[in-house]
Amino acid sequence: MAPYSSRPIPESTGASESNKKVDALHGLFQRQRQAYQSEPYPTYEQRTAWLNALEAMLDRNEDRLIAAVTEDFGARGTVENLVAEIVMPIGAAKSARKSLRRWMKPKSVSTPLYLLPGKSRLEPQPLGVVGIISPWNYPVQLALVPAAAALAAGNRVLIKPSELSPHTSAVMREIVADAFDETVMSVATGGVELGQAFSTLPFDHLLFTGSTAVGQKVYEAAAKNLTPVTLELGGKSPAIIDKSADLARAAKSIAYGNGFNAGQTCIAPDYVLTPEPLLRQTAAAIADAARALYPEIDKTPDYTAIISDRHFARLKSMVEEAKASGAEVIEVGSANALHPQRKLPFTIVVDPKPDLGLMQEEIFGPILPILPIPSLDAAISHVNKGERPLAFYWFGEDSKKRDFVLKQTTAGGVTINDTLVHYSQERLPFGGVGKSGIGAYHGDAGFETFSHMKPVFQQSRFASSGGLFPPYTDKTTKLISILRKII
């Protein structure tokens, strides 16, 4: 990577409030950069203190964060908020702290015979300043889980949260400023212009979580600085139900995965493929499971609202289009009761036509198409003709079929006989593939993503490499012949 001095930050001028925020952002970035340069390798004790501060910050501000997230959504259950926004980032900080000594330790690498008695190792080194652009759907978790990994790796962290969750963003900015020096971690809030300016900063690594369309723009902006990126995007994540599956169990897991946060989850099951003879039975089982999960869906605060009027209108139009096409639509809950709360019924669409909007784009809401599939090969073909999904779900007890499907399909991550759970396994990497994302984090993968794993070869004074120095002789040729045999 080129020296920092060769990567200037574009200046911003003007007296508008937006320009002032952009100018402040540039200044903050410069201060973080300078802090990194003055302390390029924070000690184990310092990194542990940062992780402790992150955990304490979440414990101390749990109620404020939950209230802010609920206000941004309009309605979101306390349990979902606790699990998604508080427990997950605390778990990430605790897991990083437990693994930190092992992560920071140089890793010995075997040395080939022809380079002996030299020694080889990898030394993890902080990258510098890490940028995190986080989304509105999990505004605390998807900012602070990667932040925990970046801090563990010894970096400075600058976060740009979504303007669609302004109350959470404001609380995040305040509590981070209270818990951390701004040169260690800080939150920059603002609208689209600030977000665009943020993605053009010459970060040492940039992580973006959000839609594929916006991710492409972030990628383009980062490319101008050759900034390495991790993109956590989305796509249409399938769930396949095999005839060997426990249908009631599968239905409950799928209903939970699609109902959690009202489907506003990048790894929510986006559609279900089920054997043709089980189509109606599957639809009924998932509807029954949704009714059991939300027995008073029209009244319960546990069923989340849609984040904005624009997203609500988009989802509502999908359902209306499906009804107009003649598809069978099963709604759990009353639209008349839920719509004024900016909520949608849990909606099952049976065997929709392939040209409908809900089959063409990621749904990101509590709408679940169920398609009949004549064979396992047909299911695999259906998945593979689309873009590679962020998540894949398989339900069944036939291990041969399961292993065959896993080998024939590609997805960012997989959960078998459940949904969502692979994300919460902090020791598994989380990331996409193809248009569902680039790179991964969580656990060891997160530490390595935000580190330069610097290769170091230490030569021995007894090395034989001097035999290859000029002037070249017959001895040189003979040595090369020997090396070719032992390489």
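1. Ground rules. The model is predicted, so local features need pLDDT of at least 70 and side-chain atom pairs count only at pLDDT 80 or more, while totals for chains, interfaces and linings use all residues. Residues are numbered from 1 along each chain as its sequence is written, and side-chain values use heavy atoms, with hydrogens and water left out.

2. H3 against H6. Helix H3 (residues 62-73) packs on helix H6 (residues 166-179) at about 155°, and their axes are 7 Å apart. That makes H3 roughly antiparallel to H6 (angles over 145 degrees count as roughly antiparallel, under 35 as roughly parallel, 65 to 115 as roughly perpendicular and the rest as oblique). The axes are lines fitted to C-alpha atoms over the stretch in contact, and angles run from 0 to 180 degrees between N-to-C directions. Helices here are DSSP runs of H or I with at least four residues, strands are E runs of at least two, and both are numbered from the N terminus.

3. Who meets whom there. From H3 come Arg-64, Leu-65, Ala-68, Val-69, Glu-71 and Asp-72; from H6 they meet Pro-166, His-167, Thr-168, Val-171, Met-172, Glu-174 and Ile-175 (contact means heavy atoms within 4.5 Å).

4. H8, a two-faced helix. Which residues of H8 are buried? They are Gly-215, Val-218, Ala-221 and Ala-222 (buried is under 20% relative accessible area, exposed over 50%, partly exposed in between, with a 1.4 Å probe and protein chains only). They cover an arc of only 120° around the axis, so they sit on the same side of H8; the arc is that of the directions from the helix axis to the C-beta atoms. The face turned away from that buried side carries the exposed Lys-217 and Glu-220. Cover for the buried residues of H8 includes strand E3 (129-133), helix H7 (192-200), strand E6 (205-209) and strand E7 (229-232).

5. Val-349. This one is found in strand E11 (residues 346-350) and counts as buried because its relative accessibility is 0%. Ile-367 is 18 residues away along the chain, yet the C-alpha atoms of the pair are separated by 7.3 Å. Not counting residues up to four places away in sequence, Val-349 touches several others, including Ala-322, Leu-358 and Ile-370.

6. Tyr-138. Look in the loop between E3 and helix H5 (141-152). Tyr-138 is buried, with a relative accessible area of 5%. Glu-85 is 53 residues apart from Tyr-138 in sequence but 6.7 Å apart in space, C-alpha to C-alpha.

7. Backbone spots worth a look. The peptide bond from Leu-116 to Pro-117 is cis, omega near 5°, and Pro-117 is in the loop between strand E1 (107-109) and strand E2 (119-126). Pro-470 and Pro-471 are also joined by a cis peptide bond, with omega about 5°. Leu-226 is not a glycine but has a positive phi of about 55°; Leu-226 is exposed, with a relative accessible area of 73%.
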